[in-house]
Amino acid sequence: MNRRYRKTIIAGNWKMNKTPAEAKALIEEMKPLLSKTKWCEMVLCVPFTDIQAAVKAAKGSKIAIGAENMHFEKSGAFTGEISADMLKELGVKYVIIGHSERRQYFNETDEACGKKVQVALENGLRPILCVGESLTEREQDVTMEVIRKQIKIALQNVAVEDIKKVVIAYEPIWAIGTGKTATADQAQEVCAMIRHTIAEMYDEATAEAVRIQYGGSMNAGNAAELLSKPDIDGGLIGGAALKPDFGKIVNYNK
Ligand code: PEP
């Protein structure tokens, strides 16, 4: 399979921004900009409290709504947590798993990410699994080992028939929210290695079908170059997804 056959996926990550009223207003503003897009799938991952308003506002458009996290348990004494079936019932289609901010501030491990990926798939949600190295890891030249480990552990129990439903987001931590983007060649090198790792775990054809995003200060100005690379099938976008300008990234046509 060739890059052309994988549908591009541009996803926004709103993080802890926007009230439900603000979410509705922003989606209404974005909708006309996004409506003509045929070549890619669009996802907005929003705070839990915005999901209902976002699903309603996005109705009739090509925007799918995602969540930014979930718990791996179905229910029980987990104060403050949200389960996969709660998300599913609200109309959520995608869920970000293992964002570096969750790993850093909430001690999320690769093992916990693995459980979340499993449970998301069991509940019909498509996981966007985030992986990436810190600046120290890049400087110490261990980027590839770090990311291989994250992938191998988080996907260890995912069956071959399910892996194509997983989106992998390569997000170098040093590029998130910093304005420093990985060069298109740096991003391609890691995304190609991720595909190679999937081929080792499954097989070549399966790896060719899995979509891999780049994330880290991606915006309307640098998206075209990043998306021109053969193993970069989309973007996971933080800051630039909080403005209607997001439409410009989505409308970039390869
Ligand atoms: C992110 O939060 O996943 C992200 C990539 O953020 P930003 O685009 O702001 O760097």
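So, let's begin with the second largest pocket, which has a volume of about 190 Å³. Before I go on: this is a predicted model, where local features need pLDDT of at least 70, side-chain atom pairs count only at pLDDT 80 or more, and totals for chains, interfaces and linings use all residues. Residues are numbered from 1 along each chain as its sequence is written, and side-chain values use heavy atoms, with hydrogens and water left out.

What's a pocket here? On a 1 Å grid over the protein atoms alone, it's an open set of points where a 1.4 Å probe fits, with protein on both sides within 12 Å along at least five of seven lines; lining residues have an atom within 4 Å of a point. Points are joined across faces, edges and corners, and the volume is the space filled by probe spheres set on them.

Back to that second pocket. It has 18 lining residues, and Gly177, Gly216, Ser217, Gly238 and Gly239 lie nearest its centre. By class, the lining has five nonpolar, eleven polar and two charged residues. In this scheme Ala, Val, Leu, Ile, Met, Phe, Trp, Tyr, Cys and Pro are nonpolar, Asp, Glu, Lys and Arg are charged, and the others, Gly among them, are polar.

Now the largest pocket, at about 460 Å³. Its lining counts 17 residues, with Lys15, Met16, Glu68, Arg102 and Phe106 nearest the centre. Here the classes come out as seven nonpolar, five polar and five charged. Helix 4, residues 100-105, gives the most to this lining, with three residues. (Helices are DSSP runs of H or I, at least four residues, strands are E runs of at least two, and both are numbered from the N terminus.)

Two of those central residues go together: Arg102 lies over the face of Phe106, 4.1 Å from the ring centre. The rule is NZ of Lys or CZ of Arg within 6 Å of the ring centre and within 35 degrees of the ring normal.

Last one: Lys93 sits in the loop between helix 3 (84-90) and strand 4 (94-97). Lys93 is partly exposed, at 47%.

How values were computed. Buried < 20%, exposed > 50% of the residue type's maximum accessible area, 1.4 Å probe, protein only.
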